[in-house]
Amino acid sequence: VSEHTAVPARAQVLVASNRGPITYVPRDDGGLDARRGGGGLVSGLSAIGSEAQALWVCSALGEGDREAVRRGVGEPGVLMLDIDPDIHFDAYNGIANSVLWFIHHLLYQTPLEPVFDAEFRRQWAAYESYNRSFAEALADRAADGAAVLVQDYHLALAPGMLRELRPDLRIGHFSHTPWAPVDYFRLLPDDIAGQLLRGLLGADRACFLTRRWADAFADCCVRTLGEDALSGTRIGVHGLGADAEFLRERAHRPDVAERMAALREQIGPDRRAIVRVDRTELSKNIVRGLLAYRELLRSRPEWRERVVHVAFAYPSRQDLAVYREYTAAVGRVAEEINAEYGTADWTPVILHVKDDFARSLAAYRLADVALVNPIRDGMNLVAKEIPVVSDDGCVLVLSREAGAHEELGEDALTVNPYDVTGTADALHRALTMPYEERAGRTQRLAAAATALPPARWFLDQLTAVRAGV
Ligand code: G6P
C-alpha cells in the first residue's frame, strides 16, 4: 500500500469508505481532472469537510486515482490508499458487489446462484486483505481516542480488525444498504457469516438507515452468534435526508434551465413526464419499471401520445458481466417499447445513460410522476430529492422495499416492486391525481425528506459514537 502525504498526521475524526469524495480522470494531455464521487454515501459524508483535524480514508479506484497517488496530487484531508489492483478487484467486484450486494438486496437467482466455491474463498482472502489495509491505515492515522466512522459493506471486517489494533478508538460502522433477513443471510457459508457479523460487532455502534435494516442485523447476530452477541455494540438508526439548501440552489442555475428546455422539447408539448433517475443496477428494478410503463400504454390506450417515460439509467459497476447484461436489458426493453408504440412525433421512452447531474435536476424539476421502484434499497435519495426541487408538484410512486418508504410512505403511492400490473395501475393513478392533492402531497414529502439533512446526519452519528450512546 502506498499513500498520500498531504494529510494530517493524526486525526480526531476519521471516515473510511471504498469510494471517496473525489476521483481523478486522466485527460488526453496527461493531466488529471478531479470529479465528485457518486452515490448516496458520498452525499452524506461530505459534511466531514467542516470538521477540523478530519481525515477521509478511501481507495484509489481507477488509473486516474492511482496516478494521482503516484504524483502526490490530492485534496487536503483525503487519504487515498493505492491497494494492489488485483486485491481491490476481487474485494470490490468479487465479494462486495457480487456477493454482499446480492445478499442484502435479495438478488440471487436459483438454481444458478449462489455458488460458494474455491474461487469465492480466493476472493474472500482478497476482501480480508483489503479490509486489513484500511484497518492499518486508520490505526496509523488516528489520534488517541479518536472517532472512526467506517462505511458500508465493502468494509464490514475493518471495525473488528481496527478494534484489535487500537482498543482506545471509538468506532462506528454505517451500512448504507438494507440488511438481509436472517434466512437469506444464512445462504453465506457459516464461517463467513460469522466473520462478517463479528467484523461489524467490533464497532461500538453499528448504524443503519432504517429500523427495519437494524432489526434484521440484530436478528442475524442473535440467531447466528447467540443471545449475548450484541452486548458490546449499540445499534443506531439514522435516516439520511436530502440536502434541500444545496439542491434548491443547484437546481436553479442556468445549466439546469438549459437542460430543462431541451428536455421539454424532447418530451413535446402537453405531455406528462414519468421520470426515473438511477444507477443502472439490478436492485433498482429498471426493467420492471419499463414493463409497467408498457403495460400502462397497452391497457390504457388513452395515454398513448400523452405521456413520456424519461429514464436516466447511469451505468454502474461495468466490470461485472451481470451488471453489463442488466444495462443491455434496460436498453433493449426501452427500444422494444419505442418500436411498438412510437409515432412520427412521439418517443414513448427517452433513455439517457450518460451521467449528467444538471440534466437529472432538470428532470426532477419537471417530473409529473417520479418512479422509484427498487427491489430493495437502503434508503434511495432520488425519492427524497425530487419532491424538494419539483417546480409544480410531483406524484411519487414508491416501492415499499425502499428504506425511504418508512418516512415517505404516507404521501407516496406504494407499490410492490415485483407487481408490474400494480405498478402500471399506480402510474395511472399518479397521472390522474387532481392538482391540489398532488401539490399537498409534494409539500409533505419535501418536509419529510429533509428532516435529517446530511450535515446533521453526520454529526448525530459522530456525537453518538463519541458519547458511547
Ligand atoms: C451504494 C453504496 C455505496 C456506493 C454507491 C455507488 O449507494 O451503498 O457504498 O458508493 O452505491 O456504487 P459504487 O460501486 O459505484 O461505489
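N380 lies in the loop between β14 (369–372) and α14 (382–389), where helices (H or I, at least four residues) and strands (E, at least two) are DSSP runs numbered from the N terminus. Although N380 is not a glycine, its phi is positive, at about 85 degrees. N380 is buried, because 25 other C-beta atoms lie within 10 Å. A residue counts as buried if 20 or more other C-beta atoms lie within 10 Å of its own, as exposed if 12 or fewer do, and as partly exposed in between, with C-beta atoms placed from the backbone.

The model is a predicted one, in which local features need pLDDT of at least 70 and side-chain atom pairs count only at pLDDT 80 or more, while totals for chains, interfaces and linings use all residues. Residues are numbered from 1 along each chain as its sequence is written.

**The loop between α3 and α4**

L106 sits in the loop between α3 and α4. It has 14 C-beta neighbours inside 10 Å and therefore counts as partly exposed. The loop between α3 (85–104) and α4 (118–141) holds P111, and the peptide bond from T110 to P111 is cis, with omega near 15 degrees. P114 is placed in the loop between α3 and α4 as well; the bond from E113 to P114 is cis, with omega near 0 degrees. Most residues other than glycine have a negative phi, and most peptide bonds are trans.

**Helix packing**

Two packed helices are described by the angle between their axes and the distance between the axes. Here axes are lines fitted to C-alpha atoms, for helices over the stretch in contact, and angles run from 0 to 180 degrees between N-to-C directions.

| Helix pair | Angle | Axis distance |
|---|---|---|
| α11 (residues 286–299) and α16 (residues 420–431) | about 65 degrees | 8 Å |
| α10 (residues 254–267) and α13 (residues 357–366) | roughly 65 degrees | within 8 Å |

The crossing of α11 and α16 is right-handed; a crossing is right-handed if the near helix is turned clockwise from the far one by less than a right angle, and left-handed if anticlockwise. On the α11 side the contact is made by R288, L291, A292, Y293, E295, L296 and S299, and on the α16 side by V420, T421, T423, A424, L427 and H428. Two residues are in contact if their C-beta atoms, placed from the backbone, lie within 7 Å. The residues of the contact of α11 with α16 comprise seven nonpolar, four polar and two charged. In this classification Ala, Val, Leu, Ile, Met, Phe, Trp, Tyr, Cys and Pro are nonpolar, Asp, Glu, Lys and Arg are charged, and the others, Gly among them, are polar.

α10 and α13 also cross in a right-handed sense. D255, V256, R259, M260, L263 and R264 of α10 meet A358, R359, L361, A362, A363, R365 and L366 of α13. This contact of α10 with α13 has eight nonpolar, no polar and five charged residues.

**Two partly exposed helix residues**

G194 belongs to helix α7 (residues 190–201). It counts as partly exposed because it has 13 C-beta neighbours inside 10 Å. Not counting residues up to four places away in sequence, G194 touches T224 and L225.

E406 is in helix α15 (residues 405–408) and is partly exposed, with 17 other C-beta atoms within 10 Å. Residues up to four places away in sequence aside, E406 touches T210, R211 and R212. The C-alpha atoms of E406 and M260 are 31 Å apart, and the two residues are 146 apart in sequence.

**Core and overall dimensions**

Which residues touch the most other members of the largest nonpolar core? They are L14, V57, V148, L396 and V397, in a core of 145 residues. A nonpolar core is a set of buried Ala, Val, Leu, Ile, Met, Phe, Trp, Tyr and Cys residues joined through C-beta atoms within 7 Å. Leaving aside neighbours within four places in sequence, L396 has contacts including A370, V372, A383, L408 and L445.

The chain contains 18 helices and 16 strands. Buried residues are 49% of its 469 residues. Of the contacts with a separation of 6 or more, 77% join residues 24 or more positions apart. The C-alpha trace spans about 65 × 50 × 40 Å along its principal axes.
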